[in-house]
There are 2 protein chains.
Amino acid sequence: MTDVRTMGFTDVRTTNLAVVLSHLRTSGPSSRAAIAASTGLNKATVSSLTSDLIDQRLLRETGTSGNRIGRPGTSLALDGSAYAAIGIQVAADSMTALAIDFAGDQIIRWHRALGAHRAGEIITLAQRAATRVRQQGRSVLGLTVAVPGLVDENGVVRISPTLGWSDLDLRTLVAGSLRQPGLVVTVANQATTAALTNKDPNSIYVSGTAGIEAGVIAHGRPLHGARGFTGQIGRFTLGPAGAPTLHDLAGIEPLVRRALTGFDPESLTDLAPAVEQVAVQARAGDAATLAALRDTGRHLGQGLAMLANLTDPSVIVLGDHYASLAGWLIPAVEAELAAQVLAPSGIRVVASDLGLHAAALGGALSHLDRVDNGSLPKAV
Amino acid sequence: MTDVRTMGFTDVRTTNLAVVLSHLRTSGPSSRAAIAASTGLNKATVSSLTSDLIDQRLLRETGTSGNRIGRPGTSLALDGSAYAAIGIQVAADSMTALAIDFAGDQIIRWHRALGAHRAGEIITLAQRAATRVRQQGRSVLGLTVAVPGLVDENGVVRISPTLGWSDLDLRTLVAGSLRQPGLVVTVANQATTAALTNKDPNSIYVSGTAGIEAGVIAHGRPLHGARGFTGQIGRFTLGPAGAPTLHDLAGIEPLVRRALTGFDPESLTDLAPAVEQVAVQARAGDAATLAALRDTGRHLGQGLAMLANLTDPSVIVLGDHYASLAGWLIPAVEAELAAQVLAPSGIRVVASDLGLHAAALGGALSHLDRVDNGSLPKAV
């Protein structure tokens, strides 16, 4: 079950480039001497590698560090000026485009309503984001579209109940519309993509939007499975035939229906205002709303206890609309984890601080990560 | 989230040794020329590596292959004569010791009842197995004890409801009793260890014994999580407070209680005869037994559908007592998977053919795998 290959000279250099980039991304600006000391590479190698990376406009010199004089004290930092990466997150009713430069700084974030012509609207947003990035003088390293549902390795959306899609070759549609040879376009599940923003190598991002999905990071990598069709926890069910699913019991839409009296399900074109109204009523102490939140939290806790009993994460991040309601949900979730998980306590449950754009950010980050792992762009 | 390191000369040689051993384990006896052709290593390197491995008694020459004459046609094979590895599998009521030589051939398999002095009996069995292996002229590469429940990275059994243990430092007890410096002793969860016998890189071994546990292989590696406390699927529950767990609904002991009229739970010192009696009644067409099996299969299918929706395996292996009843369980399991899993079909459900010793075999194999990955034993 191992996949060991011999490593030639090219791979060693690629690996070393990745070591330098990863070091600077993690530790911030450093001198060549500090990079050598931290990575174990010798100084001549570091000089050669960083020289290449400066030529490629992935690194820049930032002046002298500390009190030292001359080249040895010159700090190097990631250079955000030449490249950017784009993530587009698609929900039932809205989409978010986000771009970051190679240094990781956010340069675009647009939120748009999503209407009836979904694929076309996504393509238009992707084109506009790419155009804006290029107008800023940056080359696009890659673009990821993150969608709810099952996406195969070719970027075909095999089944998305939320979007009403089956077998839609979204990657080819988007890549074809961008007309930039060599631009890497990927399409991926939104919860798995959002989980790329997690810091912990064993962690779960739970996305509560129109459905419930989980992105699992195991041993520092997204859990991919045989076909990439992972994370469909909203379908969890156990009991008699017809027993409710985790989505029925702990989904955002069922919660909204319970908490908002006179709520018209047909009017549900955007969940965000309804979720905000639930929060308003909860803050006002409305008993029915608080009971609905407790019940949702308890069932969500059952679902997360199953994830925890199976995968033993360090951290579970409540994302998307769950994050807006986390103050009410987390106590019930934690009580359920304490009751149901066999392992001694040690799992933190936290609210995402990335609002409704975690998957857009994760999608953009995936392209920086690709470069950091040695897949350098062609020189501009 | 990447873990990239520079690779020096020693590591390259280690990697190449691993490449040669893995090739021979997968492909069977091969000539040096065939090894070179298949691995991409040059012939001089292959000659040097195989010479070392023959000196270490990990490989042996097996005469000429095909019609060729002389050294280039001499076949090399894994040498089972010098080393062996031991796995011991502990269940509620029994234990199995299994040893394989370095070529993978089974040289010991003992099944024993497990009485009240569990840790002591396990230690005695481990000592006897190690002694027998040494009497055969082989050195013990390593020994793994596989137990139900949660085992930490130091081999301390943190919680085992089945065995009634908490915080028992079983690894130190066993290693101390074997008195062989350098002998690698590990203690691990039994379902995860059994899953090491799976061939597929994305697969699940479901262990049905006194409890239900799952060993998940993801991307070719056991799913370890933050602390190794994975696979506790028997505790899955969803619904009102006090709702039954997956073990209540699909466990072997609850099945036996339903199927065997007049069954005395106090007499349950060994599940195997009771499971065999269930199979006898099912073969005789007993309606109540068949109904109990269908119900167990349906609920087991719900549990496995949750695993499948979360982790997208290619194969699910029904192991231990589930394997004995698989003919009745699998149709209900497959129907439930078809109904509950969002992904298009593509998950095979099969019965393990390893009886009650999959974890013992997996434990022994883990030590061969360690050697195959370049951690060679000290020369004998």
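Chain A splits into three domains: domain 1 (9-78), domain 2 (83-195 + 359-372) and domain 3 (203-353), with bounds that come from an automatic or database domain assignment. Keep in mind that this is a predicted model, where local features need pLDDT of at least 70, side-chain atom pairs count only at pLDDT 80 or more, and totals for chains, interfaces and linings use all residues. Residues are numbered from 1 along each chain as its sequence is written, while chains are lettered from A and ligands numbered from 1 in the order in which they are written.

**Domains 1 and 2 of chain A**

The C-alpha centres of these two domains lie 31 Å apart. Where they touch, 6 residues of domain 1 of chain A are in contact with 4 residues of domain 2 of chain A (contact: C-beta atoms, placed from the backbone, within 7 Å). On the domain 1 side, H1(A) gives the most, with 4 residues. Helices (H or I, at least four residues) and strands (E, at least two) are DSSP runs, numbered from the N terminus.

**Chain A against chain B**

As for the contact itself, 57 residues of chain A meet 56 residues of chain B. On the chain A side, the elements that give two or more residues are helix H1 (9-27), strand E9 (157-160), strand E13 (212-218) and helix H10 (287-311).

**A helix pair in chain B**

Helix H8 (residues 252-259) and helix H10 (residues 287-311) of chain B pack at about 155 degrees, with axes 9 Å apart. Axes are lines fitted to C-alpha atoms, for helices over the stretch in contact, and angles run from 0 to 180 degrees between N-to-C directions. That makes H8(B) roughly antiparallel to H10(B) (angles over 145 degrees). Leu255(B), Arg258(B) and Ala259(B) in H8(B) meet Ala288(B), Thr289(B), Ala292(B) and Thr296(B) in H10(B).

**Residue classes**

Ala, Val, Leu, Ile, Met, Phe, Trp, Tyr, Cys and Pro count as nonpolar, Asp, Glu, Lys and Arg as charged, and the others, Gly among them, as polar.

| Contact | Residues by class |
|---|---|
| Side of chain A that touches chain B | 26 nonpolar, 25 polar, 6 charged residues |
| Side of domain 1 of chain A that touches domain 2 of chain A | 4 nonpolar, 1 polar, 1 charged residues |
| H8(B) with H10(B) | 4 nonpolar, 2 polar, 1 charged residues |

Note on methods: Contact = placed C-beta atoms within 7 Å. Parallel < 35°, antiparallel > 145°, perpendicular 65-115°, else oblique.
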